[in-house]
Amino acid sequence: MSKPTADPQSSANFPIPNSGDPKDVMTKIAKREEQSRQTWVNIMTARDLRNDLRDCFRREGVNHRENCKEFALAYMAAINEPLTVGGVGPRLKGMKERAARHGSTS
């Protein structure tokens with residue numbers, strides 16, 4: 001009989017079971033995985049838009065201002081929104097408020 005082998009690709013894409021309970025460790029891991037995946041999608045989208053803009057600039061030459069405007073606007077919109085999902089947003093907000101209070105008392 002042949003010995004069963006594990007396929008590393010299929011095991012890497014195995015969904016993480018989660019109960020939906022915010023205190024559950026597996027739920028936290030699944031949330032972190034999803035945030036990481038979404039961050040990479042945002043980064044790669046911005047990279048693709050930048051490459052399209054660069055190709056348009058090279059292709060159009062002196063007329064790039066008129067002909068590449070849509071590419072430039074799409075790229076600017078992509079890089080102006082936060083690329084990361086989750087992270088230190090709420091903590092940073094609290095730190096800025098505390099710093100403002102501290103700065104106003106001195």
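Let's start with cysteine 56 and cysteine 68, which form a disulfide with their sulfur atoms 1.9 Å apart. The word is used here for a pair of cysteine sulfur atoms within 2.5 Å. A search of the whole structure turns up one disulfide. Cysteine 56 sits in helix α2 and cysteine 68 in the loop between α3 and α4, so the pair ties together parts that are 12 residues apart in sequence. Helices here are DSSP runs (H or I, at least four residues), numbered from the N terminus. The torsion about the S-S bond is about -95°, so this disulfide is left-handed.

A word on what you're looking at: this is a predicted model, where local features need pLDDT of at least 70 and side-chain atom pairs count only at pLDDT 80 or more, while totals for chains, interfaces and linings use all residues. Residues are numbered from 1 along each chain as its sequence is written, and side-chain values use heavy atoms, with hydrogens and water left out. The protein chain averages a pLDDT (the predictor's confidence in each residue, from 0 to 100) of 77, and 61% of the residues score at least 70. Confidence is lowest in helix α1 (residues 8-12), with a mean of 59, and highest in helix α3 (residues 64-67), at 91.

Back to the cysteines. Both cysteine 56 and cysteine 68 are buried, meaning under 20% relative accessible area; exposed is over 50% and partly exposed is in between (1.4 Å probe, protein chains only). They also belong to the largest nonpolar core, together with Ala46, Leu49, Leu53, Tyr75 and Ala78. Such a core is a set of buried Ala, Val, Leu, Ile, Met, Phe, Trp, Tyr and Cys residues joined through side-chain atoms within 4.5 Å. Helices α2 (25-60) and α4 (69-80) each give two or more residues to this core, and α2 gives the most, with four.

Now for the charged side chains: the whole structure has three salt bridges, each a side-chain nitrogen of Lys or Arg within 4 Å of a carboxyl oxygen of Asp or Glu. Glu33, Glu34 and Arg37 are linked in a network. Arginine 37 pairs with glutamate 34, the closest N and O atoms being 2.8 Å apart, and with glutamate 33, at 3.9 Å. Glutamate 33 and arginine 37 both lie in helix α2, four residues apart, about one turn of the helix. Elsewhere, arginine 59 forms a salt bridge with glutamate 60, at 3.5 Å between the closest N and O atoms. Arginine 59 is exposed, at 54% relative accessible area, whereas glutamate 60 is partly exposed, at 25%.
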